Amino acid sequence: EDGESGGFRFNFGGDADAAVADDPAAGRKDENEEEEAAEGRIAGTEVLASEVPDPVPGWRPELVKLDECVTVVKGAVTSTDAANALGGADGDIARSDLVRGKYEGGFKLWECSLDLARHLLRRADAPDGPRLHGADVLELGCGHGVPGIVAAIRGARRVTLCDYNPEVIRALAVPNVRANFVDDPMTRDRFSYVAGDWGDLDAFVPAQSADVVLAAETIYSTASHGRHVRLLRRAMREPDGVALIAAKRYYFGVGGGTASFGAAMTRAHPDMEVETVETFSDGASNVREILRVRFRR
């Protein structure tokens with residue numbers, strides 16, 4: 001249901017091992033699809049927290065327990081709230097989590113976002129985990145910004161939250177950060193906010209600016225893999241930058257998934273390596289994974 005504190009799932013079920021193995025086109029971009037997706041893309045922009053009302057009208061807090069020690073605050077949003085914020089007069093946004101060129105699901109808290117946040121809590125600064133203390137962190141497709149908020153809790157120096165829709169940043173990401181660091185203005189000031197299509201963010205995401213790049217539920221469509229790969233690789237700081245991507249193994253109906261994205265990354269950038277560092281499987285729903293992307297050593 002909309003507004004619950006747990007994650008939300010795309011409506012694509014089942015395991016994808018057979019689908020990936022049986023489809024020789026898995027991971028390849030369809031150029032016509034890519035051109036079609038280019039229509040109506042939202043231009044890149046910086047969103048200034050100082051220009052976002054405090055409090056944000058209609059923002060309602062919910063608690064999300066990540067582990068025994070860490071609970072974060074997020075905004076509760078219904079489909080109607082999302083449609084109103086995005087000006088979805090045609091009703092498409094109220095009925096769907098994804099509307100091409102208009103909305104990429106940022107108003108929902110997806111389960112892979114929670115997977116990634118919990119992974120960071122368990123593995124941050126471990127010998128084989130991401131080094132978050134003092135790091136510059138970029139979260140792509142942030143929505144509520146929960147993994148980015150966890151990065152700040154774990155001592156990140158700077159966190160940039162980036163979502164396709166500026167309305168998501170204003171209605172959720174900014175007030176969520178305020179709520180989690182209500183008595184800590186110094187930490188709130190570590191955050192910056194960017195919105196727009198991945199293909200239009202060069203002016204707002206400098207090259208080699210991130211020690212750690214985070215993303216969750218961002219690789220569901222192969223049509224966007226090219227832009228995603230380019231931005232991720234451009235943002236990663238050489239030689240020790242790392243990216244963590246939490247996603248389903250396969251998204252039925254749209255063709256993306258961890259295998260196709262990993263193939264797209266290494267095909268475009270042979271100097272990168274992609275490996276699975278955590279897997280979540282309950283035997284009933286789609287297998288979820290966390291990918292780690294690094295420079296080859």
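The chain exposes about 12900 Å², and carbon and sulfur atoms supply 48% of that area. This is a predicted model. Of its 297 residues, 54% count as buried. The chain holds ten helices and ten strands.

**Overall build**

- Take the contacts between residues at least 6 apart in sequence: 71% of them join residues at least 24 apart.

**The largest nonpolar core**

- The largest nonpolar core has 43 residues.
- Leu66, Val137, Leu161, Ile169, Phe191, Tyr193 and Leu214 have the most contacts inside this core.
- Several elements each supply at least two core residues. The helices are α5 (111-123), α6 (146-153) and α7 (166-180). The strands are β5 (158-163), β6 (191-195), β7 (212-216) and β8 (242-248).
- The largest share of this core comes from α5, with six residues.

**Contacts of Ile169**

- Ile169 is one of the residues with the most contacts inside the largest core.
- Set aside its neighbours within four places in sequence, and Ile169 is in contact with Val47, Cys142, Leu161, Cys162, Asp163, Val174, Pro175, Tyr193, Val194 and Ala195.
- Two of these partners, Leu161 and Tyr193, are also listed with Ile169 among the residues with the most contacts in that core.

**Helix α5**

- α5 has 13 residues. From its first C-alpha to its last it reaches 18 Å, close to the 18 Å expected at 1.5 Å a residue.
- Ten of the 13 residues of α5 are buried, so this helix is largely enclosed by the rest of the structure.
- The buried residues are Glu111, Cys112, Ser113, Leu114, Asp115, Leu116, Ala117, His119, Leu120 and Leu121.
- Asp125 follows α5. Its phi is positive, near 65°.

**Cis peptide bonds**

- Most peptide bonds are trans. The following bonds are cis.
- The bond from Asp54 to Pro55 is cis, with omega near 5°. Pro55 is found in the loop between β1 (45-47) and β2.
- Glu238 and Pro239 are also joined by a cis peptide bond, and here omega is about 0°. Pro239 is found in the loop between α9 (225-235) and β8.

- Most residues other than glycine have a negative phi.
- Gln208 has a positive phi, near 55°, and is a residue other than glycine. Gln208 lies in the loop between β6 and β7. At 36% relative accessibility, Gln208 counts as partly exposed.
- Glu217 is not a glycine either, yet its phi is positive, about 55°. Its place is in the loop between β7 and α9. Glu217 is buried, because its relative accessible area is 4% and the cut-off for buried is under 20%.

Note on methods:
Residues are numbered from 1 along each chain as its sequence is written. This is a predicted model: local features need pLDDT of at least 70, side-chain atom pairs count only at pLDDT 80 or more; totals for chains, interfaces and linings use all residues. Side-chain values use heavy atoms; hydrogens and water are left out. A nonpolar core is a set of buried Ala, Val, Leu, Ile, Met, Phe, Trp, Tyr and Cys residues joined through side-chain atoms within 4.5 Å. Buried means under 20% relative accessible area, exposed over 50%, partly exposed in between (1.4 Å probe, protein chains only). Helices (H or I, at least four residues) and strands (E, at least two) are DSSP runs, numbered from the N terminus. Contact means heavy atoms within 4.5 Å. The expected span of a helix is 1.5 Å times one less than its number of residues. Accessible areas come from the Shrake-Rupley method with a 1.4 Å probe; for residues, only the protein chains shown count as cover.
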